[in-house]
Each structure stands twice: as structure tokens, then as C-alpha cells.
Amino acid sequence: MPTDLAAAAAEETSASSVPTLRDARRLIVKIGSALLVDETTGKVRRDWLDAMADDVAACRARGQEVIIVSSGAIAVGREHLGLIGRPLRLEEKQAAAATGQIRLAHAYQETLARHEVTVAQILLTLDDTEERRRHLNARSTIDTLLKLGAVPVINENDTVATSEIRFGDNDRLAARVAQMVSADTLVLLSDIDGLYTADPRRDPTATLIPEVRELTPEIEGMAGEPPPGYSSGGMVTKIAAARIALAAGCRMVIAKGKRMNALSALDAPVARGGAPCTWFLPGAEPRTARKRWIAGHLNARGTLVVDAGAAAALARGSSLLPAGVVSVDGDFQRGDAVVVRAADGRELARGLTAYAADDARLIMGHHSQDTVEILGYQGRTEMIHRDDLVLS
């Protein structure tokens, strides 16, 4: 019975270490339109957003990296264009997104500027996360922004995306971003406290499930219909996001977002004053899961043969540098999977190459500082970064 499942989950949670937001290292926060935008006025809820910015600043102050995935551009823009009271055609949604995105980015810029935090806007489509080279470019940009101390604010690129290349909801977009950047924690702020055994708005006996370790058919069956209004999500898309996040080794939490300071409310478990929520817990760390994906789910497009020094460095956990490569076989592009072999033909590793085959042939055997002169542009220092490398 669902109630028995909830009780068992609660008992397991109390008997084990309860996760909190303070445990996060790289944190993604998904904010939906229904939380951010007043449906009556079409304006950003500034008091709520200011409280969220305070929470983000507190996370950064304790050394956590924060990425925001934000809906709201269409909801804000449609009011300014007079597109009220009826469903929008695709081109009207794109027009609303074009004007609303400016206002949305400005709101984030203003509120985080109070904490002297720089905001960066990134717009993505489904293709950007699925096509490997664009995936790598987006990941590199986000990584660089985080290293420079900025907070990336990501939204779907509704101004150019058609139905074939859209997510349609930012729950799954946030999970794909978590997968892309190897985040360890994803927060989906919702209009309810988490996953219940039934829809609590319709069933007063519904019970909150505090912890989920496996997405069983029973768990998936608890998802209901999305709420009315501007929101395009609902528990169905949150469960889909959980599947993506858990496969990437990223834990996920669903929590009520309408309360002020919704993030700081997750700093402690419920038993010690924290907010009720549902944690989805993976069986692997992000990097482990990512490397399993590289090793088991990609077809190699080429081969890099390395010298003995490079082979020894790989065994110690180092990246593969151009200087250690003695030959390049195959026709591959940047971001494709390749096999790394020793001179005797033994497979040493598999990984995602930072260079296309033609450029790799030009720089093999050379020191990394020579790549600018050889190629005419500044590429990555590594032929394959250790984060993109799996030893065989």
C-alpha cells in the first residue's frame, strides 16, 4: 500500500543520515513560472526573488557553486505584449519569450547585485544538451562562469526552439544541466512539499514520502496532473527529471517554493526544523556515473596511440596531453568518444576528445603551449581531460 511505502521510507530516513542542502558542492536550483511570476499582473514577485537571492548568496558564502534554471520569460513577456486570456501560438510564445527574457534577466541581475554577485544568462534548447559538441561547449562555458564567481541563470531558448527541439518544461532541462556539469544536487522548487502517495490537493489522506532511492512503477504512478496556470510542469515532469538526475549520480529534492527563503529551509532535516521535502538519492557520485556513461554508452569514433610516459600518467589519474600521443586514427570531431591504446595495441582508456581528428594529428607529440601557434587558436590544454576519461 502507498501508506506503508511512505511509512517505510520515513523509518529508513530516520535511521540513516538525512541529506540537507548544506551537503551540496555544485547546486542547481530550478525556479518555475508559478513561483516567480504573479499570474494576475504578469510581474516578477520581487520580494520572493530577493529572498531567493539572499539564499543563493548564503550558499555561495559557504563555498557552494550555484546555477539557477529559471522559467518565467513567456509569463512575463505575454503581459507586456497584450497576449492575455487565451492559449498562445508557437510564434506568440516566442515573441513573449523575447521580450520577457530581458525583464527576467534584469530582475536577477538587480537582486543578486545586492550581494555583489555577477549574473550570466544562458539560453539552451534540447539539441544543445543532446548534440555532443554543443553539449561540451555549454558545459565549458558554465564551468568557466562558475570558476569566475558568476551565477549562471539558464532558461530554455524559447525564441528559436520549435516543438521538435523543445523540452517544454524546465524540470527536465534542469536535470540535463545537472548531468552536463556533474552537479551533485538539484533542487526543484514546487507548489507542494514533495512527492505524496496521492495528490494532496484532492486526497486528504495523502502522505509525504521523505526519501526515494529507486524509481519504481509504484513511485512513478504517484505523479498527478500539472497545476493550472502558466506552469508547464507538474509531478510527472519532476519524476522524469529525477530519472535523468539519478542516472547522472545527482541527488534531487522536491520542496515547496512559495515559502520565503525556500532554499535555507532545506539546510536542516525536518526533525531539526527543516522544511518537509522529498529527496531522491542516487547510487553513485556524479563523476562515477558520468564515467560509467562514457565507458558503456558511446561508440568510439577513433583511436589515439600513446607513448609509455603518457600510459603511465593515465594510470596515475592524469589527463592525456598532446605530447604523449604518437598516432591518431579515425575521423572524429571534438567531443566524440575515442579509444586510447598503448603502442602494443592494448586498450588503456576511453574518453571524449577535446580536438577533432585533423587538429589532433597536427598537435600530437607537441607541448600544449605550442597549440596556439600550430592551430591558430587557443584550444584546451589536454587532448582528453581526466574528467572525460575512463581507464579500461
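I call a residue buried under 20% relative accessible area, exposed over 50% and partly exposed in between, using a 1.4 Å probe and protein chains only. The model is predicted, so I take local features only at pLDDT of at least 70 and side-chain atom pairs only at pLDDT 80 or more, while totals for chains, interfaces and linings use all residues. Residues are numbered from 1 along each chain as its sequence is written, and side-chain values use heavy atoms, leaving out hydrogens and water.

**Entry: salt bridges**

I count a salt bridge when a side-chain nitrogen of Lys or Arg is within 4 Å of a carboxyl oxygen of Asp or Glu. The structure holds 25 of them.

Arg213 pairs with Glu211, with the closest N and O atoms 2.8 Å apart. Arg213 is partly exposed at 43% relative accessibility. Glu211 is buried at 6%.

Arg202 and Asp199 also meet in a salt bridge, at 3.8 Å from N to O. Arg202 is exposed, with a relative accessible area of 66%. Asp199 counts as buried at 18%.

Next I checked Arg243 and Glu220, whose closest N and O atoms are 2.2 Å apart. Arg243 is partly exposed at 43%. Glu220 is partly exposed too, at 34%.

The network links Arg86, Arg89, Glu91 and Glu92 through salt bridges.

**Entry: helix packing**

Helices here are DSSP runs of H or I with at least four residues, strands are E runs of at least two, and both are numbered from the N terminus. Axes are lines fitted to C-alpha atoms, for helices over the stretch in contact, and angles run from 0 to 180 degrees between N-to-C directions. I call angles under 35 degrees roughly parallel, over 145 roughly antiparallel, 65 to 115 roughly perpendicular and the rest oblique. Contact means heavy atoms within 4.5 Å.

How do helix 8 (residues 170-181) and helix 10 (residues 235-247) cross? Their axes come within 8 Å and cross at roughly 10°. That makes helix 8 roughly parallel to helix 10. Helix 8 brings Asp171, Arg172, Ala175, Arg176 and Gln179 to the contact, and helix 10 brings Thr237, Lys238, Ala240, Ala241, Ile244 and Ala245. By class I get five nonpolar, two polar and four charged residues. For these classes, Ala, Val, Leu, Ile, Met, Phe, Trp, Tyr, Cys and Pro are nonpolar, Asp, Glu, Lys and Arg are charged, and the others, Gly among them, are polar.

I then turned to helix 7 (residues 132-147), which packs on helix 8 at about 80°, with the axes 9 Å apart. Helix 7 and helix 8 are therefore roughly perpendicular. His135, Ala138, Arg139 and Ile142 of helix 7 meet Val177, Met180 and Val181 of helix 8. This contact has five nonpolar, one polar and one charged residues.

**Entry: positive phi**

Most residues other than glycine have a negative phi. I found two exceptions to look at.

Ser182 is not a glycine, yet its phi is positive at about 55°. Ser182 sits in the loop between helix 8 and strand 5 (185-190). Ser182 is partly exposed, with a relative accessible area of 28%.

Asn261 has a positive phi near 55°. Asn261 is in the loop between strand 7 (251-256) and strand 8 (277-280). At 30% relative accessibility, Asn261 is partly exposed.

I treat two strands as paired if DSSP finds at least two bridges between them. Which order do the strands of the open sheet take? The five run 10-9-11-12-13, with mixed pairing. Strand 10 (325-330) and strand 13 (389-391) are the edges, each with a single partner strand, so one side of each has no neighbour in the sheet. The twist averages 20° from one strand to the next.

I went through the pairs. Strand 9 (residues 302-306) joins strand 10 through five bridges and runs antiparallel to it. Val306 stands opposite Val325 of strand 10. Strand 11 (residues 337-341) and strand 12 (residues 347-352) are antiparallel over five bridges. Val339 has Arg350 of strand 12 as its bridge partner. Strands 11 and 12 form a hairpin with five residues between them, and Gly345 in the turn has a positive phi of about 95°. Strand 12 and strand 13 are antiparallel, joined by three bridges. There, Ala349 is partnered by Leu391 of strand 13.
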